[in-house]
Amino acid sequence: MFSWLKKKKKDTSWINDTTKKNLNFDDNDAKELLQDIKQEFGLDYEKQEYITLRKIERFAIKNNLCNFIELKNALRNSAELKIKLINMLTVGETYFYREIGHLKILAEYMKEKRVQNILCAPSSSGEEVYSILIFLKEINNDNIRITGIDLNSDAISVAQKGCYRERSLTPLPPKLRNKYFTKTENKYCIDVLFKQNTYFLHQNIFDDSFLKLGKFEVIFCRNMLIYFNETQKKKALANIYTLLPVGGLLFVGHADISFVPKGFIKKIATNGSYYIKK
Ligand SMILES: C[S@@+](CC[C@H](N)C(=O)[O-])C[C@H]1O[C@@H](n2cnc3c(N)ncnc32)[C@H](O)[C@@H]1O
């Protein structure tokens, strides 16, 4: 951790004076909390510990809690508070037609193999799921069912609604935006026809219930593993392995892993790399 970052004075101007007097956030009290988050959700904040603790501290104060011990106790008693904390920590960037090379590889693969069920784990707010459906529809394939799962319940609600700000649609060719979205006051909403082919679920990839989602011929697991340490990356990939049939296809984000997952063969194509289950 950079020393200048550690020494930076906390901005407390937004907290009222009475509350300020009672605050006592000692980072040593938060070690167990960070450990619990890592254990249960895979999220490893070791490299951004200081900044993450400031976010958690702000969250605690907003919920009228004065130190990390109070927060830990409150989380033990309230599943709702825990979901709110995880939602706050896992706001991830996503947008339409991200790493589009993978979609081209998928289209090629589908010329040879029958694909009916795809999983996006994680789907975040749904941009990836709808991108795949749009891309395939453009090549006359609208017979695919896509399941999207994510740990962030707010992101799942957005995915279910399918309405987005202009910024996340930027990479999408204007022709497709006009064809498949309806503009409301300040959002673009996806054609309801696509929604019929989707199923979004609030789900932790490390929970046993994840293993019961069924089988998927193709899994997209992009831009999440980057938040995990090596052990958790391997555990998440082992869970994904169980949901794929032999010959099934796996896509990960370009910065997600630096090893070939156990039980997979790596393939490199002009449009990017991917993995096939052995
Ligand atoms: C940057 S987004 C990636 C979204 C999309 N796949 C993409 O590539 O644009 C990362 C997502 O991973 C989700 N996530 C983090 N840990 C998770 C876990 N243990 N189980 C399921 N989702 C998780 C976060 O909530 C976040 O929405």
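Ile276 counts as partly exposed in this predicted model because 15 C-beta neighbours lie inside 10 Å. The residue has its place in strand S10. Leaving aside neighbours within four places in sequence, Ile276 is in contact with Gly247, Leu249, Phe264, Ile265 and Lys267. A further reference point is Asp256: Ile276 and Asp256 are 20 residues apart in sequence, and their C-alpha atoms are 16 Å apart in space.

One of the contacts of Ile276 is Phe264, which lies in strand S9 (residues 264-269). Phe264 is buried, because 20 other C-beta atoms lie within 10 Å, and a count of 20 or more is what the term requires. Beyond four places in sequence, the contacts of Phe264 are Leu250, Tyr275, Ile276, Lys277 and Lys278. From C-alpha to C-alpha, Phe264 and Tyr274 are 9.6 Å apart in space, with a separation of 10 residues in sequence.

S9 and S10 pair in the antiparallel sense over 6 bridges, and a hairpin joins S9 to S10 through 2 residues. Within this pair, Ile268 stands opposite Ser273 in S10. Strand S10 (residues 272-277) also pairs with strand S8 (residues 249-252), again in the antiparallel sense, over 2 bridges. Here Leu250 has Tyr275 in S10 as its bridge partner; Leu250 and Tyr275 are also among the contacts of Phe264. As a general point, strands of a sheet pair through backbone hydrogen bonds, either parallel or antiparallel.

Another part of the chain holds an open sheet of 3 strands in the order S3-S5-S4, with antiparallel pairing. Its edge strands are strand S3 (163-164) and strand S4 (181-183), each of which pairs on one side only. S4 is joined to strand S5 (residues 188-190) by 3 bridges, and the two run antiparallel. In S5, Tyr188 is the bridge partner of Lys183.

On the scale of the whole chain, the division is into domain 1 (3-89) and domain 2 (101-277). The centres of domain 1 and domain 2, taken over C-alpha atoms, are separated by 31 Å. Where the domains meet, 7 residues of domain 1 are in contact with 11 residues of domain 2. Helix H6 (residues 79-89) gives the most to the side of domain 1 that touches domain 2, with 3 residues. By class, that side of domain 1 has 4 nonpolar, 2 polar and 1 charged residues.

The ligand lies between domain 1 (3-89) and domain 2 (101-277), because both give residues to the shell around it. In total, 23 residues surround the ligand, and the closest are Thr90, Gly92, Thr94, Pro122 and Ser124. The shell divides into 9 nonpolar, 9 polar and 5 charged residues. Pro122, one of the closest residues to the ligand, also deserves a look for its backbone. The peptide bond from Ala121 to Pro122 is cis, with omega near 15°. Pro122 lies in the loop between strand S1 (117-120) and helix H8 (127-138).

Phi of Glu99 is near 45°, a positive value in a residue other than glycine. Glu99 is found in the loop between H6 and helix H7 (101-112), and it is partly exposed, with 17 other C-beta atoms within 10 Å. Phi of Asn140 is near 65°, likewise a positive value in a residue other than glycine. Asn140 lies in the loop between H8 and strand S2 (145-150). Asn140 counts as exposed, because it has 7 C-beta neighbours inside 10 Å and the term applies at 12 or fewer.

Finally, a word on confidence. The chain averages a pLDDT of 92, and 95% of the residues score at least 70. Over residues 1-5, however, pLDDT stays under 50, and the model has 3 contacts for this stretch beyond four places in sequence. Where pLDDT is low, the predicted coordinates should not be read in detail.

Technical notes: Residues numbered from 1 in each chain as written. Predicted model: local features only at pLDDT ≥ 70, side-chain atom pairs only at ≥ 80, totals over all residues. pLDDT = per-residue confidence, 0-100. Contact = placed C-beta atoms within 7 Å. Domains from an automatic or database assignment. Helix = DSSP H or I, 4+ residues; strand = E, 2+ residues; numbered from the N terminus. Nonpolar A, V, L, I, M, F, W, Y, C, P; charged D, E, K, R; others polar. Pairing = 2+ DSSP bridges. Near = placed C-beta within 6 Å.
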